[in-house]
Amino acid sequence: VLDLLAEFGFVFLMFISGMEIDFSSLRVHRASEQQKTVKKHQLSPVLIGSLSFLLTLILSSMVGYSLYALGYVNDIWMAALILSTTSLGIVVPVLKERGLSTGRYGQTLLVAALIADFVTMLLITIDVAVLSHGLTFDILLIGILFVAFFLMIRFGNVFFNNIPGVRRILDELSHATAQIKVRLAFTMMLIFVVLAEVLGAEVILGAFLAGAIISLLKRPEDEELSHQLESIGFGFFIPIFFIMVGVIFYMQALVSSAEALILVPFLVLAAYAVKFIPALIYKISFTWRETLGAGSLLSARLSLIIAASAIGLRLGVITDAVNADIILVAIITVTLSPLIFQRFIPEAEGQASRPVVVVGAGLLGLQVAEQIVAHGDPVVLVDPDVERIQRAQERGFEAVMGEADRYDVAVEPYLNRAKTLVCIHSDIERNYRVCERARTTFGIDHVVTRITDPSVIDRFDKLGVTTMNAAMDQAVLLGLLVRNPSAYELLTRTDDDLSL
């Protein structure tokens, strides 16, 4: 029973890892954007993450060959993939806690961790298939998982988001005893796990893809679903997996072998080297401290390295002693890496006062800035018009002349630190470009824009942008003022000493 629960906890951990993906971070920017970025020595997060992982894989393969030559492992590639892992589950909370999950630096680290996790899982699945069945055409069956993945996304978008009434029914059945969204999420996970098992792939890939589907299909109003699934996983199933890892931790094999004890410091050094050396590529876009901080945080391993080691032990390509060594490496790196990252990136730097960036310094922009300042938040106005910038500065605002819809050396530092962005240009396409950069390049969670055409609301919704349409909202506010003057006052007062 414990083995079954531990296996389910393992699957659930990979499922939640897939749910943590923010796919908007992986959007490919337009060619013009990329060219300007390269000219200014700013590589895109996807390019940096891909190059650093490729270098990690090359170095890990060299370490894997050394372990194979010394007789510690029976498969070079499995050893290389074990060392290539990164813990997305550690990178995400550390960056969020230090206020770095937004901005180019935080987004680059998140994308790098995501690429490392996903590609490693895919390669482990292929390697296990080769070890189990040989190099046959059956390996191509793994592609069916991805076909099912894309079909499910397509079907889900049409069924859940486009058919009228379905969303409303799901919301109505998501409370009390029904909890239909939670049941659908479990069903999705089990379908892909069973499909992976039938195809001869590792179940971790199926579970991860199922989590990615939930991430793609869920809307901002489904945030409660994520909390519910995390509560089920981290509250019950996932701890059983880690407890059983401790149960099978073969300490006797470790302490009884001098070679196994000597291997521990070698593996720890290798685990850091295969991440720190490729991280030097970050120096193209970031400072030395940020570069070394990236190498340290991406060195943290936890769930996937233990899972990969367990698979290797099951297949007989690593011994009990080496498995114990790898578990120790996971414990050491997951403890030390966040502490080293903290030394390179001090607390004050991550939690510095983060401004609200208002893009557009016209009359409305100045009025919005006045409202935000009245609530005690710092504001920075951005506009390409020199007269507007001078007028804003005369009124006591911090204002920067430049463009926010493309790379601009004067504006970039403010977008990197922004906690919220408000875009109030009159041009809808320009607004969209600004919002897209804010969400995808800088990972700003809260982006607000004014639009004049209600037909484009859905386009901005898909970006995760909050829209305000004066023509529609004016009637709503007038109706609110008629029905409930107190609620209207609550929305419009400038002081925050309010109770509800």
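Tutor: We start with helices: helices (H or I, at least four residues) and strands (E, at least two) are DSSP runs, numbered from the N terminus. The expected span of a helix is 1.5 Å times one less than its number of residues. This is a predicted model, in which local features need pLDDT of at least 70, side-chain atom pairs count only at pLDDT 80 or more, and totals for chains, interfaces and linings use all residues. Residues are numbered from 1 along each chain as its sequence is written, and side-chain values use heavy atoms, with hydrogens and water left out.

Student: How many helices and strands does the chain have?

Tutor: The chain has 24 helices and six strands.

Student: What span is expected for helix H1, and what does H1 reach?

Tutor: Helix H1 (residues 2-19) has 18 residues, for which 26 Å is expected at 1.5 Å a residue. From its first C-alpha to its last, H1 reaches 25 Å, close to that value.

Student: How do you know that the length of helix H3 agrees with its residue count?

Tutor: The 25 residues of H3 (residues 45-69) should span 36 Å, and the end C-alpha atoms are 36 Å apart, so the two agree. Just after H3, Gly71 takes a positive phi of about 90°.

Student: Why is Val111 called buried?

Tutor: Buried means under 20% relative accessible area, exposed over 50%, and partly exposed in between (1.4 Å probe, protein chains only). Val111 has a relative accessible area of 1%, so Val111 is buried. Its place is in helix H6 (residues 103-133). Val111 and Leu47 are 64 residues apart in sequence, yet 9.5 Å apart in space, C-alpha to C-alpha.

Student: Why does Ser87 count as buried?

Tutor: Its relative accessibility is 4%, so Ser87 counts as buried. Ser87 is found in the loop between H4 and H5. Contact means heavy atoms within 4.5 Å. Leaving aside neighbours within four places in sequence, Ser87 is in contact with Asp117, Ala300, Arg301 and Leu302.

Student: What makes Ile327 buried?

Tutor: The relative accessible area of Ile327 is 6%, and therefore Ile327 is buried. Ile327 lies in helix H16 (residues 320-344) and touches Val245 and Phe249, not counting residues up to four places away in sequence. Ile327 and Ile305 are 22 residues apart along the chain, and their C-alpha atoms are separated by 7.9 Å.

Student: What share of the chain counts as buried?

Tutor: Of the 500 residues, 49% count as buried.

Student: What do the buried residues of H15 pack against?

Tutor: They pack against H1, H4, H6, H10, H11 and H16. Among the buried residues of H15 are Leu304, Ile305 and Ile306. The buried residues of H3, including Pro45, Ile48 and Gly49, pack against helix H4 (76-84), H6 and helix H13 (258-279).

Student: Why is H5 called roughly antiparallel to H6?

Tutor: Axes are lines fitted to C-alpha atoms, for helices over the stretch in contact, and angles run from 0 to 180 degrees between N-to-C directions. Angles under 35 degrees count as roughly parallel, over 145 as roughly antiparallel, 65 to 115 as roughly perpendicular and the rest as oblique. Helix H5 (residues 88-97) and H6 pack at an angle of about 170°, with their axes 9 Å apart. That makes H5 roughly antiparallel to H6. The contact includes Leu88 and Val91 of H5 and Gly106 and Leu109 of H6.

Student: How many aromatic pairs are there, and why is the pair of Phe118 and Phe146 edge-to-face?

Tutor: Rings of Phe, Tyr and Trp (its six-membered ring) pair if their centres lie within 6.5 Å; planes under 30 degrees apart count as stacked, over 60 as edge-to-face and the rest as tilted. The count comes to 16 aromatic pairs. The ring centres of Phe118 and Phe146 are 6.3 Å apart and the planes are at 80°, so this pair is edge-to-face. The pair links distant parts of the chain, with Phe118 in helix H6 and Phe146 in helix H7 (residues 142-162), 28 residues apart.

Student: Why is Phe118 called partly exposed?

Tutor: Its relative accessible area is 24%, so Phe118 is partly exposed.
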